[in-house]
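Visitor: Could you take one part of this model and walk me through it closely?

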Amino acid sequence: MEYSNQQAEFAIIGTIIYSNLQYAKIQGLLKPEHFYFAETQAIFEHLEKTLQAKGFIDAILLKNLHFKDHDTWDIEGIILNCLAEANSIIDIVVYAQELIELYQKRKFDAFISILKDDLKSKNFDEIKNNVL
């Protein structure tokens, strides 16, 4: 997908696994829906819930969480990829902001697609009123 960055998604998750304190820098800023890939979105969601409930997360705990309806995913492999992309010197906020911008671009692209479809089926005044 043009508006995604899997390495950044992996790096954010891996960095938080290595250092749970990094989560505080993006807490409330980054949300699961900002992740493009379903696997990293679900992992981030579980990571957040576990951190909030238990106060810590590590690779083993994350790997052993139940990922409902995702038995075919290689969770262990994905977590290993996240850890491989993690880096103690990354600015996790910059990575989070990049994911948010990519999310916004995906949303805008979807909006443009809807507008294009509307051009075929609606009159211009109706489209203009919906946009403005």
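Guide: Here is a close look at one helix and a residue inside it. The model is predicted, so to speak of local features takes pLDDT of at least 70 and side-chain atom pairs count only at pLDDT 80 or more, while totals for chains, interfaces and linings use all residues. Residues are numbered from 1 along each chain as its sequence is written, and side-chain values use heavy atoms, with hydrogens and water left out.

Let's take α3, residues 38–54; helices here are DSSP runs of H or I, at least four residues, numbered from the N terminus. α3 has 17 residues and reaches 24 Å from its first C-alpha to its last, close to the 24 Å expected at 1.5 Å a residue (the expected span is 1.5 Å times one less than the number of residues).

Its buried residues (under 20% relative accessible area, 1.4 Å probe, protein chains only) are T40, A42, I43, F44, L47, E48, T50 and L51. What covers them includes α1 (6–18), α2 (23–26), α4 (59–63) and α5 (75–85).

Now zoom in on T50, which sits in α3 and is buried at a relative accessible area of 8%. A polar atom of the T50 side chain lies 2.8 Å from the backbone oxygen of H46. Leaving aside residues up to four places away in sequence, T50 touches G55, F56, I57, L61 and L65, where contact means heavy atoms within 4.5 Å. One of those, G55, follows α3 and has a positive phi, near 85°.

Technical notes:
Helices (H or I, at least four residues) and strands (E, at least two) are DSSP runs, numbered from the N terminus. Buried means under 20% relative accessible area, exposed over 50%, partly exposed in between (1.4 Å probe, protein chains only). A polar contact is a pair of N or O atoms within 3.5 Å; within protein, one must be able to donate a hydrogen and the other to accept it, and residues adjacent in sequence count only if both atoms are side-chain atoms.
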